[in-house]
Amino acid sequence: MGLTLILAEKPSQAQAYAESFGKFSKKDGYIILNPSNDIITWGFGHLIELASPEEYKDEWKKWSIKELPIIPQNFKFKVGQGKAKQFNVVKKLLKDADRIVIATDSDREGENIARSIINQAKAGNKEIKRLWINSLEADEIQKGFAHLRDGKDFYSSYVEAQTRQISDWLVGINLSRMYTLSLQKRGINEGVFSVGRVQTPTLYMIHTRQQEIENFVPEPFFEMQAAVTAENGVFKAKYNKKFPTKKELQDLIKKHQLLASNPGVISSVETKRISQPSPLLFSLSDLQSLINKKYKVSPSDTLKHVQSLYEAKLLSYPRSDCRHITDSEFHYLLEKMDEYQGVLNYTIEQPNTSKRKRYVNGSKVQEHYAIIPTKKVPTQKDLGKLTSIQKEIYFTVLKRTMAMFETDYKYDETTITVDVKGLPFISKGRTILDKGWRKLEYSDSKKPGKEEITELPIVQKNETIEADLSTSEGFTTPPKAYTEGTLITAMKTCGKELENAEEKEILKATEGIGTEATRANVLETLKKQHYIEIQKNNVTVTQKGAILCQAVGNTLLSSPEMTAKWETYLKKIKKEEGTQQAFLDNIQKFIHHTLESSTQVIESSDWSTHTTSLDQTKQVIGKCPVCRQTIVDKGKFYGCSGYSNGCTFTLPKRYIGKLLSEATIKKLLMTKETPLLKGFKKKNGQTFSAALLLTEDHKLTFKPFS
């Protein structure tokens, strides 16, 4: 058979493989298995990287618009800094081996890491096999080694990942230089403006949402409610239309001769029985989204924790975009169900053990199945070794997985329509019949979950009632700011917000931005570049980020759809329906086009608000509620003097058509609210009065009427 060399991605993975074989001896940079004498070695992630521009030409070292675009004829790869020692160990072992088993992570990146090392060591002519596993438990590893796959079947994944790597290098090198130099020329000195194929459209998406929020004009509306007294009790009902002005509502009241208290009749009572199965199993982005919502943990930290739980052999492979499992996982989950319930300290009274396609569907599992617990059931000691957030994540995954064996959540939804002088008032209520899988969600919390329950009294059709009417005023609300969790979902759905990913079964048609494995990383990059900040879990764009968004506006770099199309083509390369050359030709055209069109955009834009140096002698209006530095008059608005340190707090001089005086702003900064102010203008030109409020997350809004 000759010598087999097993190439792992990192030392801890190599160690797990060695332990699954039993006996082994450790050497410097590799492990020898006994008695077979096969060898396991490893990289430290990417041992090989793309050469930098100056390694092609001296002239490319200097940042100069004249030298752009930088497009090498052939791309050079080199051993990363500080990684030569391990590379040389691996290279010698590859040379001596008769057969190579690629045993890096079972995904595109893992394929790229291994193939780049093999190519750099000129060992691509050997017999190559692929280990493809979903869990690091010993028996899963051994099963994987007993059924190695042919290396050729995964070669196109490497081409896809390498194409992504090269295209990101080309876009990053060329456009970061162009935007940085062009903006410097216009007097903007915010350091380097890093631009990327995925990060910039993502930033633009956040910026667009922020603009929508900042430019949002709250519109008042008026509505009418009824407290309905029936024979068996009192309940609330609502007239289902909102009115833009008080007058329109009053006209309706006059027309129907409504009084404070009116006789009425129950015109219909309808009850629907609803049966909700438990949610689909977790893909990585669903888990990241939920953990961010529940515990305010960033997606990249969630991925690190899930990776640790994978390495602790408690959870299956983390970077999965699938929400289904195959028959084989279903069987072991069923077998171990009692033990998992022991860990949860929870009993499923009537387990549904039928294999439902909603969860178990081999045809939907391509590379990896959903994130689920492994066969290894943790002891109290195992759980004791986890940090509290790792434990929360493990239990979140375990509960979601066990939920598929629980009964459905069942309730009766009743809709009562009350006729008051010819106007329909509606009331909805639900009666829970079986909490089903929802019991699991709250099994360990002291407080039960917020159940949306309105118990309605029993009423009969045609029953006469008494309705006490009241009216109220509200304001329309702006769209919500992105959190890192909702942003991960928005990247996956290309900004089309699907509050309920469940029914839509996340986007049949569009492809998202980035991949399951890279989205969290993109957000981390945007933070490192000081383009975005996280305040109270909301994502906000900094001044530097806003400058870049102004510069890329109306170019393809501001289009998430364009990035999604690129991702779709990259997937085609993996299926061997597309080529690296075609994709890179396309990227080069895009770079040429952007270099030409964007310099003109930057030339013709007004950058004055970003270039004025702050005159500290300007009159101080008050203290910044965010960073406690001073608020000064900046011409078109009031802003924080700490903006050069990244504070982006501002207050407008004109709000909803009303000029805000300096005295009003001073009062607002001191007491967080203003007295009633006249002269706000609606879109139709009508004016109205309102008091302003500075919210806890430092946003300006109208004070609700009490």
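Where does serine 283 lie? Serine 283 sits in the loop between β12 (261–276) and α8 (284–295); helices (H or I, at least four residues) and strands (E, at least two) are DSSP runs, numbered from the N terminus. This is a predicted model, in which local features need pLDDT of at least 70 and side-chain atom pairs count only at pLDDT 80 or more, while totals for chains, interfaces and linings use all residues. Residues are numbered from 1 along each chain as its sequence is written, and side-chain values use heavy atoms, with hydrogens and water left out.

Serine 283 is buried, with a relative accessible area of 0%. Here buried means under 20% relative accessible area, exposed over 50%, and partly exposed in between (1.4 Å probe, protein chains only). Not counting residues up to four places away in sequence, serine 283 touches Ser320, Asp321, Cys322, Arg323, Ile371, Lys492 and Glu516, where contact means heavy atoms within 4.5 Å.

Now to the barrel. Six strands form a closed barrel in the order β10-β11-β14-β13-β12-β15, with antiparallel pairing; two strands pair if DSSP finds at least two bridges between them. The twist averages 35° from one strand to the next, with axes being lines fitted to C-alpha atoms, for helices over the stretch in contact, and angles running from 0 to 180 degrees between N-to-C directions. Helix α7 (residues 246–255) packs on the sheet and touches β10 (220–230), β11 (233–239), β14 and β15 (464–475). Antiparallel strands β13 (residues 409–420) and β14 (residues 423–434) are joined by 11 bridges, and threonine 417 stands opposite isoleucine 426 in β14.

The largest nonpolar core has 59 residues, of which Leu175 and Tyr179 touch the most other members. Such a core is a set of buried Ala, Val, Leu, Ile, Met, Phe, Trp, Tyr and Cys residues joined through side-chain atoms within 4.5 Å. Its largest share, 11 residues, comes from α5. Apart from it lies another core, of 46 residues, including Leu284 and Tyr394.

Finally, here are two histidines with positive phi, though neither is a glycine.
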